[in-house]
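Have the structure open and turn it as you read.

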Amino acid sequence: MTIPRQAIFADCSSKSAAPPLATRPLSAALGLEILDVDLSDPLPPAVIAQLREAWYEGLILLLRDQNLAEEDQVRFAECFGPPAKTINVNNTGRHPAVMLISNIRKDGKPIGALPDGEMQFHTDQCYIEKPAAASMLYAIEVPSVGGNTLFANAYLAYETLPAEIKRRIEGRKAVNAYDYENASTLRGTRLREGVPQYSHPLVRTHPATGRKALYVNRLMTIAIEDLPQAQSDELLNLLFDHQEQRRFIYEHFWRVGDILMWDNRCTLHARTDFSSAERRLMRRITILGEKPE
């Protein structure tokens, strides 16, 4: 169901109360950089309204050169919805909504989650009933090379599918699962018992924009329901290859002070490999979402 546009901004004053945001596109596929906004101070409601509008338009928002404490990042996240508590309590910051993503080790153990290596395309928390609506990362330490994040536009991936493929996936659901311990960055070879999993539509409709997005991903989508395994694998691999075309992708090269937020309902993201000899430290927050329809 599409939320009326007036409802989206019901808690914000008129956008006309603030000058238009200065923005520039990050790529032809998706992404907007927001210029001249300092997140270390509370934002006026009119600016928040413009940021939300820009987010729906750009799918991802980037703000550079920020100097943020945890509470600043949490406050910014709350502009877009209630932050979720981190699932793994061993990987949080001081605030329960903050998860550290890092390869830094203390006493031989990583201080955060997802420490090393390449990570395949995925959308956050698609293995639970109500996946995250948004995720954001704030860069504190970054390697000199690698550790880039790639974002793919799932609207365009769906819209450019051949009509015959759209017919094949219409109304179908797929099982999504995530094996934290054995396949956290690359697809596992088998689905272990007890691994978190949930079935969602292959195509979901964004609740605010009404646009349809392809909602499968290489890392976590395991099988299409009610199809023989061979047919499911063939169709999923076709969809994965289609949605990961470079024409749908923006690759972000991190700088210290970057904060980047993406819409999990219409994007996928992946990470490139980086040297284990260099430190990487990010703060992640996710925003509570709704059940995909």
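There are 13 salt bridges in this structure, a salt bridge being a side-chain nitrogen of Lys or Arg within 4 Å of a carboxyl oxygen of Asp or Glu. What you're looking at is a predicted model, where local features need pLDDT of at least 70, side-chain atom pairs count only at pLDDT 80 or more, and totals for chains, interfaces and linings use all residues. Residues are numbered from 1 along each chain as its sequence is written, and side-chain values use heavy atoms, with hydrogens and water left out.

Start with R75 and D72, whose closest N and O atoms sit 3.1 Å apart in a salt bridge. Both belong to helix α3 (residues 70–78), and because they are 3 residues apart there, about one helical turn separates them. (Helices are DSSP runs of H or I with at least four residues, strands are runs of E with at least two, and both are numbered from the N terminus.) D72 is buried at 10% relative accessibility, while R75 is partly exposed at 25%. Here buried means under 20% relative accessible area, exposed over 50%, and partly exposed in between, using a 1.4 Å probe and protein chains only.

Now hop over to E141 and R279, which form a salt bridge of 2.8 Å, N to O. This pair links distant parts of the chain, 138 residues apart: E141 lies in strand β8 (residues 134–141), and R279 in the loop between β17 (267–271) and β18 (281–287). E141 is partly exposed at 24%, and R279 is partly exposed at 46%.

Finally, look for R204, D263, R265 and E290, which are linked in a network of salt bridges.
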